[in-house]
Amino acid sequence: MKTDEAALSEGACTGMISIDYIIPTWNSESTLELALSSIQRYGSPNRIIVIDKHSTDRTAAIAGQYGCEVIPSDRSLGAARRLGACEAQTDLVAFVDSDVELLPEWEEVLQASAEGRYPDAGVIGALYDDGYIRRPTGPISLLGGNGAFGCCVTRRKCVVACTALDGLSSGEDALYAEYLAGKNLRWYILPVFVNHHHELGNVSEAMRWRWLGAGLRQRKGFRPSICKSVLGGAVVGLPMNGLDLSYRKNLILRLNYFIGYMFPERYFEVDREKR
C-alpha cells in the first residue's frame, strides 16, 4: 500500500545525510554546550538553528561559539519547533533538545532516515536514557503514538504544515504524532539511546510531570475519564506511560501529572529562570 508522499523515504539518498538541527532554548546554559558538541561530533549537521526564548543567561553566547543561527521567539515550544522548521533548508530536519547529548549510535537514526528504511515513517527517533525504559530489542512502530520530540528526525514540511503545534508548550509531540497518523505515517523509535541531562538543569522532576499534565489539559481539555485514569492508575500501580517504575515512583509521578492537569494555567509554561 502506498504511503503518504511526505514519508521520510521521499527523496532520501543512501548514506549519511547532512541535515539542519533545531534546538529550542530557554536559559539552557547548563546543558547546551553538551548538546551542541554532541551534534557536531555525531550529528552530521548542515546548520544548527537555535530558537531562543529571550534567555537571560549565557545561552546565546554559547550558541554563538558553536556557529549556530540564533532566532529569538517568545512563543510556545511547539511554535518554536515550527519556526525552526520554517527556517531550515534541508528536507529532513532533526530536533535535539538543549538538555540532550547525542551518542555515537545516533548515527543509526541518521542512516535509517537517509536510506528510507521505513517507507511509512513520519518520524524516526531515539530514546531518552532516563532509567525508566528498558532497551527494546528492535524498532518500535507507533501509529498515533509518539516518542520524544527532543531526539528525532522528521520531514521539515510536515512540521511546517502542522500549525496546531503553535498552541502547545507541552504534549506537542503527541499532537504531532496524531497529525502524522492522519496521513498514515508512523513514529518509529529505534533501540538507540541519548543522554538526557535533567540533573544539570534547575527544573525539578515533579515540575516536569506537572508541565506534561498541563499539556494534556491544553490538548484534550477537561475530561472526567482522564482524571479517573490518572488517579486510578496511581492507586492500582499501573505504570505511567508504561514506564518501568516502582509503585511509589509511579504514584508520585501520577499525582504530579494530575496536579498539572488540574491547574494548566500555572504549569503550562515551565519558568526556567534561575531560582
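**Labels and their grounds**

Guide: The crossing of helix 8 with helix 9 is left-handed. The model is a predicted one.

Visitor: What makes helix 8 roughly antiparallel to helix 9?

Guide: Helix 8 (residues 224–236) and helix 9 (residues 247–262) pack at an angle of about 160°. Angles over 145 degrees count as roughly antiparallel, so helix 8 is roughly antiparallel to helix 9. Their axes are 8 Å apart.

Visitor: Which residues of helix 8 and helix 9 make the contact?

Guide: On helix 8 they include Ile 226, Val 230, Leu 231 and Val 235. On helix 9, Leu 251, Leu 255, Phe 258 and Met 262 are among them.

Visitor: Why is Asp 57 called buried?

Guide: Its relative accessible area is 19%. Buried means under 20%, so Asp 57 is buried. Asp 57 sits in the loop between strand 2 (45–52) and helix 2 (59–65).

Visitor: What is Asp 57 in contact with, leaving aside its neighbours within four places in sequence?

Guide: Asp 57 is in contact with Asn 27, Ser 28 and Glu 29. Asn 27 is 30 residues away from Asp 57 in sequence, yet the C-alpha atoms of the two are 5.6 Å apart.

Visitor: How do you know that the side chain of Asp 57 makes polar contacts with the backbone nitrogens of Ser 28 and Glu 29?

Guide: A polar atom of the Asp 57 side chain lies 3.3 Å from the backbone nitrogen of Ser 28. For the backbone nitrogen of Glu 29 the distance is 3.2 Å. The cut-off for a pair of N or O atoms is 3.5 Å, with one able to donate a hydrogen and the other to accept it. Both distances are within that cut-off, so both pairs meet the distance condition.

Visitor: His 54 lies in that loop as well. Why is His 54 called partly exposed?

Guide: His 54 has a relative accessible area of 46%.

Visitor: What phi does Asn 184 have, and why is Asn 184 called partly exposed?

Guide: Asn 184 has a positive phi of about 60° although it is not a glycine. Its relative accessible area is 48%. Exposed requires over 50%, so Asn 184 counts as partly exposed. Asn 184 is placed in the loop between helix 6 (172–181) and strand 9.

Visitor: Is His 197 buried or exposed, and why?

Guide: His 197 has a relative accessible area of 12%. The limit for buried is 20%, so His 197 is buried. Its loop runs between strand 9 (186–196) and helix 7 (205–220). The His 197 side chain makes a polar contact with the side chain of Glu 101 at 2.7 Å. His 197 also touches Thr 31, Leu 34 and Asp 99.

Visitor: Which residues touch the most other members of the largest nonpolar core?

Guide: Tyr 21, Trp 106 and Ile 124 do, in a core of 36 residues. Helix 4 (residues 106–115) supplies the largest share, five residues. A second, separate core has 26 residues, including Ile 22 and Trp 187. In soluble globular proteins, nonpolar side chains tend to be buried together.

Conventions:
Residues are numbered from 1 along each chain as its sequence is written. This is a predicted model: local features need pLDDT of at least 70, side-chain atom pairs count only at pLDDT 80 or more; totals for chains, interfaces and linings use all residues. Side-chain values use heavy atoms; hydrogens and water are left out. Helices (H or I, at least four residues) and strands (E, at least two) are DSSP runs, numbered from the N terminus. Buried means under 20% relative accessible area, exposed over 50%, partly exposed in between (1.4 Å probe, protein chains only). Contact means heavy atoms within 4.5 Å. A nonpolar core is a set of buried Ala, Val, Leu, Ile, Met, Phe, Trp, Tyr and Cys residues joined through side-chain atoms within 4.5 Å. Axes are lines fitted to C-alpha atoms, for helices over the stretch in contact, and angles run from 0 to 180 degrees between N-to-C directions. Angles under 35 degrees count as roughly parallel, over 145 as roughly antiparallel, 65 to 115 as roughly perpendicular and the rest as oblique. A crossing is left-handed if the near helix is turned anticlockwise from the far one by less than a right angle, and right-handed if clockwise.
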